Every structure is written in structure tokens, then in C-alpha cells.
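User: Can you walk me through this one? I'd like the overall picture, then some details.

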Amino acid sequence: MSGSGSPFSHNTCGPRPEDVKNLEPLAHTPTHTKQLWKFRLRPDDDDEPQDWWFASTAIPLLAATTGPLANVMSIAALITSWRSNYDPAFPGQDAYAIGFDDPHWCIGLNAASLVCGFVGNIFLLLNFTRRVRYIVALPMTIILWYFATGILMGITISMNEKVPPQRPNQTYSQGFWHAVIAAVLYLVSSMLLMVNMQGYFLGHYPRHFELTDEQRNLILQTMMFFIWLAGGGGVFAKVCGWSFADALYFCDVTILTVGFGDFHPPNDVGRGLVFPYSVGGIIILGLMVSSIRKFAQELGHDNIIKSHVERRRVNTIEPQEETEEPSKQTAPFMNTLRRVASRKPRIVMLYEEKDRFDAMRNIQKSTSDFKKYYALTMSVLAFGLLWCVGAIGFWKAEAKTQGLTYFQALYFCYVSLLTIGYGDLSPTSNAGKPFFIVWSLIAVPTMTILISDMGDTVIASFKRGTFTLADWTVLPKAGLYRAFVEKHPWLYHWLKKRSEIKAEKERFAGGLPEPEDEDIDLRPAKTVEEIAAQEPSELDDHLLARKLAIAIRNTAKDLKSDTPRRYNYEEWVEFTRLIRFSRKTKRELAEEEEEEGLVEWDWIGEKSPMMAEQSESEWVLDRLCESLDRYMRKQKRLYGTGQQKRKAPKPGN
């Protein structure tokens with residue numbers, strides 16, 4: 001083959017240096033993404049890291065919650081007339097106003113808006129279930145909800161310009177304000193989904209939603225709740241002779257157990273329907289609130305709590321890495337000589353490992369406190385925001401009909417949030433009732449979540465203090481002092497040493513024989529000094545196997561405990577020996593302990609057992625069972641089975 005057409009010579013086995021300089025670099029071809037102008041679209045099988053976690057997960061579920069609520073408000077806006085005449089006997093009182101028919105163009109456009117909002121909600125649901133592609137379903141939802149918003153805004157503005165209510169004898173009814181709130185909900189939901197779509201176009205996450213069971217349950221329960229709310233409004237409007245808007249307000253107050261008393265069933269049929277309706281609504285609401293709390297905890301744990309742990313862990317590791325950096329720049333051979341020459345005594349190595357163990361324990365404790373009080377702080381902030389902002393809304397809405405002051409509005413919101421419902425104050429204006437429906441459906445579940453978070457912090461601390469006071473005073477618990485001693489190893493070893501000295505004096509005085517060795521037990525564990533004094537060569541495999549069986553039994557008991565068990569450093573050292581011995585010889589085990597220490601992982605590293613998703617008891621039990629399995633297979637290889645011995649040929653055959 002001639003070399004004239006090639007930049008490489010035919011008598012060489014590779015390119016010449018001058019030829020390599022003339023070669024053009026290959027164009028970069030991305031494997032997981034494709035470039036489209038400045039956008040970066042990621043396919044479904046993408047496994048790259050994801051960010052913008054709030055936009056990718058929380059926003060779609062928030063839209064899936066507000067979408068059905070906007071549909072319910074839009075239904076109320078369609079069914080209820082938008083203008084009302086004041087009753088001459090009660091001038092200026094919205095509660096006694098009587099509605100009259102709206103123009104046909106208003107009703108037709110209102111129905112078109114409802115259809116757009118409902119179909120957009122269906123597309124969002126199909127997007128979650130992957131029945132329709134993300135790139136099709138989400139833009140359709142956004143466009144349809146924008147259409148619904150535009151139609152509602154157009155007819156409200158046209159109504160106010162062309163055929164407004166004649167003041168002071170007429171006013172806007174609840175239907176008008178339901179339409180205004182529905183338009184706001186559609187608009188906010190569409191804008192949020194646009195943020196989600198922007199994150200996808202910029203390549204922050206793939207186009208599909210990975211819904212957990214709790215998220216699926218939340219979507220289903222939200223849909224069921226609003227169907228129950230709207231359906232109940234229709235039934236009670238028919239049975240009790242109310243308007244649909246008033247019946248919807250009554251159903252909301254009933255399900256949330258506020259019970260102002262301003263609306264109540266006027267006949268026995270309505271009273272009988274309250275029994276099943278209230279129970280069913282409260283159950284669905286409870287399930288929905290529980291799913292919201294679990295989703296918030298899950299979202300916070302995956303994105304905020306883990307970031308806090310990683311930040312604390314990195315801040316702990318970095319100072320140590322800076323001290324080790326100079327040694328990394330020397331030759332590997334010199335590093336080996338330095339490591340051999342500067343081999344630390346076992347006791348020093350143990351204390352260094354224990355320091356890292358204690359540092360990780362401190363990280364765990366701070367993370368646990370951060371997790372509880374972060375959730376409590378967020379709940380308190382949400383409660384305060386809804387309380388104060390809600391009070392502003394009711395102050396403005398009820399100023400004309402009731403002359404409500406801001407302090408009275410704060411009092412009303414507080415009584416409503418706690419579902420006390422004295423009934424001395426309640427919304428009476430046509431704007432106040434629709435606002436209360438939306439506000440209460442957000443505020444009351446938030447209050448419930450706040451109480452749950454307080455149960456994990458403030459109430460739990462008070463409960464522990466009460467139990468501790470009772471245990472040590474009027475209601476002492478059996479085994480309390482033993483549990484207290486075992487919880488503090490230094491106290492246990494001090495008492496044990498005192499008892500041994502006392503027993504030794506008694507034996508010396510009475511000439512009694514030495515006591516027999518006690519049965520093997522791992523708890524409480526030995527001290528660091530005792531572990532350092534014990535050589536691996538002194539441990540027999542059969543003795544370690546017995547300890548392994550006892551450790552499996554004790555760890556299995558720990559799994560049944562109400563509170564997750566956390567082992568101290570000395571216990572972890574014993575567990576590590578029981579995990580190691582079945583896969584290494586005594587010599588290998590001794591060399592590994594001299595080189596790497598008695599624990600085979602870095603406590604602050606990514607592979608630390610404290611970073612695992614499992615509890616410590618689950619993690620230890622899995623590794624101990626694996627060690628037992630290796631030990632049994634080793635014994636089988638060494639000695640064989642009894643059946644193989646029986647089948648072995650006799651000598652001389």
C-alpha cells in the first residue's frame with residue numbers, strides 16, 4: 001500500500017511526531033445529551049446527576065394540587081351568578097343578596113374556561129403516568145391553563161366594564177370572586193410549570209417524573225378530596241336549598257372540623273348526610289395531610305439533610321487532608337518507607353480511629369437536630385406567613401360588611417387555624433367566603449403538620465423529661481439502674497473493677513479457688529486499652545465463631561428495640577473482627593490490623609456504615625450473617641460433610 005496518500009509513512013509502525021501535529025482534533029460527541037441551540041435536552045435513560053430538585057419534583061406536585069382546586073373554583077364560578085341584588089330589608093349585607101342571571105356570552109366563555117382548565121389537568125395527569133410524552137403533555141397543560149386564565153380575566157374585566165353591578169343596590173356575588181381566584185390559581189400553576197420546563201430545556205434533569213409511592217398517593221388523594229368537596233357541595237345545595245357557593249363553603253368548614261355554626265343543615269335529610277360525608281372527608285383529608293408531610297420530609301431528606309451531612313463531613317475531612325498533602329507529593333517508595341518507619345503503636349491507632357468515630361457521631365447528632373428543627377422552623381414560618389397574610393385578606397374582605405379590624409382578623413385566623421371555631425366571627429362577605437375556602441385548605445393542613453413537627457421536638461422533649469422524672473421518683477422502672485450503667489461504659493468498668501478487687505480480697509482471705517471463666521458476652525464492650533492489648537493471634541477461630549453467634553443473637557434483639565440502637569466504638573471493633581476473621585487467616589488479620597487499623601473503613605468516608613441507608617443494627621446483622629456463611633463454607637472445605645465421609649472408599653478397596 002502506497003504511503004503517498006497517507007500522512008503516515010509505510011515503513012513505520014505509528015505516526016511520526018510531525019504528522020501528529022498536523023492532525024485535527026476530533027469533534028466532541030456528547031453521549032447523554034444533545035445540543036439544541038443553547039438548550040440541553042436529556043433523554044429518558046439519562047443517569048447523570050440532577051439538580052434544581054424543587055423545580056423537578058415539588059413544582060409538578062404543587063401544580064397537581066392547585067390544578068384540581070382551580071377546577072373546583074371554576075365550577076363554582078360557572079354555576080353561581082356573578083351579580084346580586086341586595087335585599088331591601090338587609091341593605092349592604094352580602095349574605096342576604098339574591099343573584100340574577102348573567103349575560104349568555106359570560107356563561108359561554110366561563111364554560112370554555114372550565115373545559116380548558118379541566119383538559120389541562122388531564123394532560124398533567126397523563127404526563128405523570130407517562131401516557132403522553134413530557135414534551136407534549138406539559139406544554140399542553142401550560143397552554144390550556146393560560147387560555148383558562150385569559151378567558152376568566154377577559155370576562156371579569158368585560159363584566160366590570162360593560163355590565164357592572166349598579167351600586168349601591170347591587171354587588172358582585174361569590175361566583176365572581178370564585179372566578180378571580182380560579183384565574184389566579186391557573187396563572188400561578190402555569191408559571192410554575194414553565195419553571196419546570198425551563199429546567200428540562202437547560203439540562204438540569206430528564207423529562208420523565210420518577211414518582212414515589214407517597215407522591216402517587218398524594219396526587220390520587222388530592223383528586224379524591226376535591227371530588228368529594230365539589231360533589232358534597234352539589235348534594236347539600238340540592239338538599240338544603242343553598243347556592244352551590246354556600247354549600248361548598250359549608251362542606252369546607254365541615255371537613256376541616258372548624259364548625260362556625262353560620263351554616264347548618266335545616267332538615268333531617270341534610271343532618272343525616274352529615275354523618276357519612278364528614279367522616280369520609282376527614283379521612284381523605286387526613287390521608288392527604290399525611291402524604292404531604294411524608295413528601296416534604298422525603299424531599300428535605302434527599303436534598304437538604306444530605307447536603308448538610310456532606311457539608312459537615314467535608315469540613316471535617318479537609319483539615320486532615322491538608323496535613324497529609326505534602327506526603328502525597330513524594331515518591332511512592334519513600335512513602336512506603338516512611339509508613340513502615342513511622343508505624344504507630346496499636347493503642348495510638350485505636351485512639352485516632354476513635355476520634356474519627358466520635359467526629360462522625362457528632363455529625364450524626366447535629367444532623368438529627370438539624371433535621372428536626374429545620375422541619376419545625378419551616379412549619380413555624382409557614383404558619384406565621386399564612387396567619388398574618390390571611391388576616392390581611394380577611395381584614396380587607398370583611399371591612400365593609402363587618403367592620404373587621406386587623407387584630408380581629410388575626411384572632412379569627414388563629415381560631416380557624418386551630419379549628420376551634422367559636423362562631424363569634426365568620427366570613428360573611430361574597431369575597432370572604434371563597435377566600436376562606438382556598439386559605440383554609442392550605443392553612444389548616446399546615447397547622448396539622450406544625451403540630452406533628454412539634455411532636456418530634458418540643459413535645460418529645462417534654463415527654464422524655466416527664467418519663468425520666470417518673471422513673472427516678474414516684475414510678476421507678478425495673479432495670480433502670482442497670483440500663484443507666486450499661487449506657488455509660490466508663491461507669492460499668494469502674495464498678496466492675498471494684499467488684500473484682502472486692503472478690504479478690506475475699507478469695508485471698510478465705511483461700512477460695514479461682515472462679516471459672518464466665519460465658520462469652522460482647523456487652524458492654526472492652527475498653528480501648530484492653531482491645532489494644534489483645535493480639536489477633538490469641539483469638540481462636542472456634543472462639544470467634546461462638547462470639548459471632550452471640551453477636552448475631554444480640555443484634556437481632558436490637559432490631560426489635562423501639563429506638564434504633566447505636567453502637568459505641570469498642571463494639572464496632574469487636575464486630576469488625578467477627579466480620580474479618582472468616583475471610584482471612586490469623587497472620588493476614590494481624591498484618592491488616594497493623595497496617596490499616598482494627599476497622600476496615602473510614603468513619604467519615606463515603607463508605608462508612610454511618611452513611612448507609614440502613615440502621616446500624618441492620619447493617620451489622622447483614623455483615624455478621626455473611627461472615628457466618630463464609631465460616632461455614634470454610635469449615636466445609638476443610639473437613640467436608642458427614643455424608644462425604646461415609647461415601648469415602650475404605651482403605652484397601
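Predicted model: local features only at pLDDT ≥ 70, side-chain atom pairs only at ≥ 80, totals over all residues.

User: Let's do the core. How many residues has the largest nonpolar core, and which have the most contacts inside it?

Analyst: That core has 92 residues, and Phe-225 and Leu-229 have the most contacts inside it. Helix 2, residues 53–79, gives the most to this core, with 12 residues.

User: What is Leu-229 in contact with, leaving aside neighbours within four places in sequence?

Analyst: With those neighbours set aside, Leu-229 contacts Leu-248, Cys-251, Asp-252, Ile-255, Tyr-277 and Leu-441. There's also a second, separate core of 27 residues, and it includes Leu-548, Tyr-567, Leu-578 and Trp-619.

User: Back to helix 2. At what angle do helix 2 and helix 6 pack?

Analyst: The angle is about 10 degrees, and the axes are 9 Å apart; helix 6 covers residues 213–240. Angles under 35 degrees count as roughly parallel, so helix 2 and helix 6 are roughly parallel to each other.

User: Which residues meet there?

Analyst: From helix 2 you have Thr-57, Leu-61, Ala-64, Thr-65, Pro-68, Leu-69 and Val-72. They meet Gln-215, Ile-219, Thr-222, Phe-226 and Ala-230 in helix 6.

User: What about Asn-71, buried or exposed?

Analyst: Asn-71 is in helix 2, and it counts as buried because its relative accessibility is 7%, where the cut-off for buried is under 20%. Leaving aside neighbours within four places in sequence, Asn-71 is in contact with Leu-114, Gly-117, Phe-118, Asn-121 and Tyr-186.

User: Switching to aromatics. How many aromatic pairs does the count come to?

Analyst: The count comes to 32 aromatic pairs. Take Phe-436 and Trp-439: their ring centres are 6.1 Å apart and the planes are at 45 degrees, so that pair is tilted.

User: Where do Phe-436 and Trp-439 sit in helix 12?

Analyst: Helix 12 spans residues 432–456, and because Phe-436 and Trp-439 are 3 residues apart in it, about one helical turn separates them. Phe-436 has 0% relative accessibility, so it counts as buried. Trp-439 counts as buried too, at 5% relative accessibility.

User: And why is the pair of Tyr-567 and Phe-575 edge-to-face?

Analyst: Because their planes are at 80 degrees, with the ring centres 5.0 Å apart; planes over 60 degrees apart count as edge-to-face. Tyr-567 and Phe-575 are both buried.

User: What about charges over rings, say Lys-433: which ring does its charged end sit over?

Analyst: That's the ring of Tyr-249, with the charged end of Lys-433 5.8 Å from its centre. Lys-396 lies over the face of Trp-395, at 4.3 Å from the ring centre.

User: Now the backbone. Where is there a cis peptide bond?

Analyst: The bond from Arg-167 to Pro-168 is cis, with omega near 0 degrees. Pro-168 is in the loop between helix 4 (134–162) and strand 5 (170–172). Most peptide bonds are trans, and most residues other than glycine have a negative phi.

User: Which residues other than glycine have a positive phi?

Analyst: Thr-257 is one of them, with phi near 60 degrees. Thr-257 lies in the loop between helix 7 (244–255) and helix 8, and it is partly exposed at 41% relative accessibility. Thr-419 is another, with phi near 55 degrees. Thr-419 is in the loop between helix 11 (406–417) and helix 12, and its relative accessible area of 26% makes it partly exposed.

User: Last one: what does Gly-92 touch, not counting residues up to four places away in sequence?

Analyst: Gly-92 touches Tyr-86 and Thr-401 on that basis. Gly-92 is in the loop between strand 3 (83–85) and strand 4 (98–100), and is partly exposed, with a relative accessible area of 22%.

Conventions. Residues numbered from 1 in each chain as written. Heavy atoms only, no water. Phe/Tyr/Trp six-rings, centres within 6.5 Å; stacked < 30°, edge-to-face > 60°. Helix = DSSP H or I, 4+ residues; strand = E, 2+ residues; numbered from the N terminus. Buried < 20%, exposed > 50% of the residue type's maximum accessible area, 1.4 Å probe, protein only. Lys NZ or Arg CZ within 6 Å of the ring centre and 35° of its normal. Core = buried A, V, L, I, M, F, W, Y, C linked by side-chain atoms within 4.5 Å. Contact = heavy atoms within 4.5 Å. Axes fitted to C-alpha atoms, helices over the stretch in contact; angles between N-to-C directions. Parallel < 35°, antiparallel > 145°, perpendicular 65-115°, else oblique.
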